[in-house]
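Keep the structure open as you read.

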Amino acid sequence: MTQPERPRRVVVSRQVAPSTSKPGDGGGRDIDEQTSLGESYMRSLVRTQLRLALAVLALVNIPLVMLPLVFSLDSGIGELTIGSVPLPWLLLGIAVYPLLVLAGWRYVRQAERNEAEFERIVSRR
Amino acid sequence: MSSGPALTAIVVTVVVTVLVGAYGNRLSRTPSDFYVASRAVSPGLNASAIGGEYLSAASFLGIAGLVLANGVDMLWYPVGYTVGYLFLLVLVAAPLRRSGAFTIPDFAEGRLQSRRVRAAATTLVVVIGWLYLIPQMQGAGLTLRAVVGAPTWVGVLAVGMVVLLAVAGGGMRSITLVQAFQYWLKLFAISIPLFFLVVAWRADGSPELLAEPPPQFAETTTVEMSSEAVLVVEQSVRVVVDGTLDGESIAGVAVLSPGEVDVAAGTTLVFPAGAEVPGVDGRAPLSGSEWAYPLSNGQSEPLYRVYSLMIALFFGTMGLPHVLVRFYTNPDGRAARRTALTVLGLVGLFYLAPPVYGILGRIYTPELVLTGRSDAVVLTLPAAMVPGVGGQLLGAVVAAGAFAAFLSTSSGLVVSVAGVLSQDVLPRWRLSARRTFQVATTLAVGVPVLLALAGQNLGVANMVGLAFAVAASSFCPLLLLGIWWRRLTPTGALAGLVIGGGLAAGAVLVTILVGPSSGWTGALLAQPAAWSMPLAFLTMVVVSLLTAREVPPGVRRIMVRLHTPESLDLDRGSNLTGRGGH
């Protein structure tokens, strides 16, 4: 879930970017006119957000998908108990829910950061 | 069971819902009013409203019933309903809100510039909506039966009528406040009684929850078989019979010896206290460990079933017709994400409660499994565990919550189905606008009512799972590829919808009409998502690549609309609303 590389159009001087870009601004116009630069901005945004989404889903789903398989292997894990409650009930009845919310929260935070970054890049050219 | 308090609670829930719906309708008439008004709605309230619409009879009654009957594997249902929201959050919430599409057919037509894809999407909205409505109606029939002893068809017709009135008179969906209220009502109605039930369980000496021997009748119990069933007896037992056993009409005492016995519909059996509850449907009664440990509950191909269920629920949520439209009430894509995150929390919170009813039900109401009415466990447990007025009042609270669940989900679905019928199907009949809306609403309610009366009762949560399977095999690939892949073409989308949606719906229809079958065939038909969802994706991708020349010309602009934050002033083209109906 690390930040992937952005297109390299790095301006060294750190100008204060306007809060919203106006028509005619650099990057925004490239996107509006669908220049190849505008296209690479767009592709980079879509790719970054998709990668983030897939990373969050993998993080949650790889353990979830492993669970039935582990239970089926006759390993005894499905029959473990913690304080007289079997492990599968604890995991599927209670523990998953806070983990899902946590994953969702991390996703929202990072997706908003990605968008802010995109805005910064597009509006400062 | 004394029915006074419960019936009162149901009537109050219904009347309040219909009245507030009718009142709110005067405030907002069109989707755009709805939209504008929504700018004042906070993500918290909006999320409660979405949660209120999402938590259906399957959540309120079905999960507990499945856990009671089949044990720990059934916990994948609530987990799947919640993970489905995570998929929706990370893959579609913000882009869909930014698309400006109000319904899935709108999105399909706007994204692909194709009326044919719109027509396919419209058909699927109706199919999925009806599939999802059938178990809501059956749940209502079951509830009235458990509460006042009315025949099942009374409840089915009653909830059909109420939803018809509520939608025709109000269009309840426009009322964020009603739906938000329904969420908190449901959460209250499932959790407060549970607190008292746990207290009652402790007062009863905390009987072991996962005891090894199969369940026993807690007291002398009269069991009335609602449909024909094959009971599996492990310990011989003397029962008083009135009806037909193994084709022989009996009135009096009979001994059921170990083995299978065929019981005709309408037969009543009186079991003595302490007798072991027989198994049903040819399955031996589940021992404690078979019930409590994964993949051992005797269903065929359990591992396949679990994985296919996971696929259906994880990928299906985003394609449910009544879910997408609610995201339109968010002011922008960022708010849509935050709302979806809050829904994830609210839904997860609710799902902590229903499995506990299933666990307690195994001790106190095991006979429900025998009569095929395990979905009633949430409703019958309070009276079975708490004696006197207390139990009646708790029963009234859960009955009110159950009706809130039928009403909110059903009206959301009926509005969605009636919406596409009146916009896409009925205009060719050239009726007046008012008549069109009436006919559309009547069809949207009437067809599932008839199917609920005629079809098999497969259990509420199971039926809802089938609707998820169709959604996962049709709208899920349409939305995911439409949002994240520029090269999707109209022909590709159409082929995927027809093949994926068609095959999944076909498998589901066979299961509903013929009933569950055994072995691999049964597993593949009862849980189609594991093969139909990948097939739909594959078809869409391959056919799109073969018809690459058809990629709609405006796709770059649409990608800008779907993915860039609204605060950037960019040319986004227009909303994806198809023929500009909104």
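In which sense, left-handed or right-handed, does α9(B) cross α13(B)? The crossing of α9(B) past α13(B) is left-handed. A crossing is left-handed if the near helix is turned anticlockwise from the far one by less than a right angle, and right-handed if clockwise.

This is a predicted model, in which local features need pLDDT of at least 70, side-chain atom pairs count only at pLDDT 80 or more, and totals for chains, interfaces and linings use all residues. Residues are numbered from 1 along each chain as its sequence is written, while chains are lettered from A and ligands numbered from 1 in the order in which they are written.

**Helix α9 of chain B**
- Helices are DSSP runs (H or I, at least four residues), numbered from the N terminus.
- Helix α9 of chain B has 28 residues, 176-203.
- The expected span is 1.5 Å times one less than the number of residues.
- Just after α9(B), B:G205 has a positive phi of about 90°.

**α9(B) against α13(B)**
- Helix α13 of chain B covers residues 333-350.
- α9(B) and α13(B) pack at about 25°, and their axes are 10 Å apart. Axes are lines fitted to C-alpha atoms, for helices over the stretch in contact, and angles run from 0 to 180 degrees between N-to-C directions.
- The two helices, α9(B) and α13(B), are therefore roughly parallel. Angles under 35 degrees count as roughly parallel, over 145 as roughly antiparallel, 65 to 115 as roughly perpendicular and the rest as oblique.
- α9(B) brings B:Y183, B:K186, B:L187 and B:I190 to the contact, and α13(B) brings B:L346, B:L349 and B:F350. Residues are in contact if their C-beta atoms, placed from the backbone, lie within 7 Å.
- This contact has six nonpolar residues, no polar and one charged. Ala, Val, Leu, Ile, Met, Phe, Trp, Tyr, Cys and Pro count as nonpolar, Asp, Glu, Lys and Arg as charged, and the others, Gly among them, as polar.

**α3(B) against α13(B)**
- Helix α3 of chain B, residues 43-54, packs on α13(B) at about 55°, with axes 8 Å apart.
- α3(B) and α13(B) are therefore oblique to each other.
- The crossing of α3(B) past α13(B) is right-handed.
- Among the contact residues are B:P43 and B:Y54 of α3(B), and B:L346 of α13(B).
- The contact of α3(B) with α13(B) has eight nonpolar, six polar and one charged.

**Chain A meets chain B**
- 42 residues of chain A contact 41 residues of chain B.
- α3(A) gives the largest share of chain A's side, 19 residues.
- That side of chain A has 27 nonpolar, nine polar and six charged residues.

Conventions: Two residues are in contact if their C-beta atoms, placed from the backbone, lie within 7 Å.
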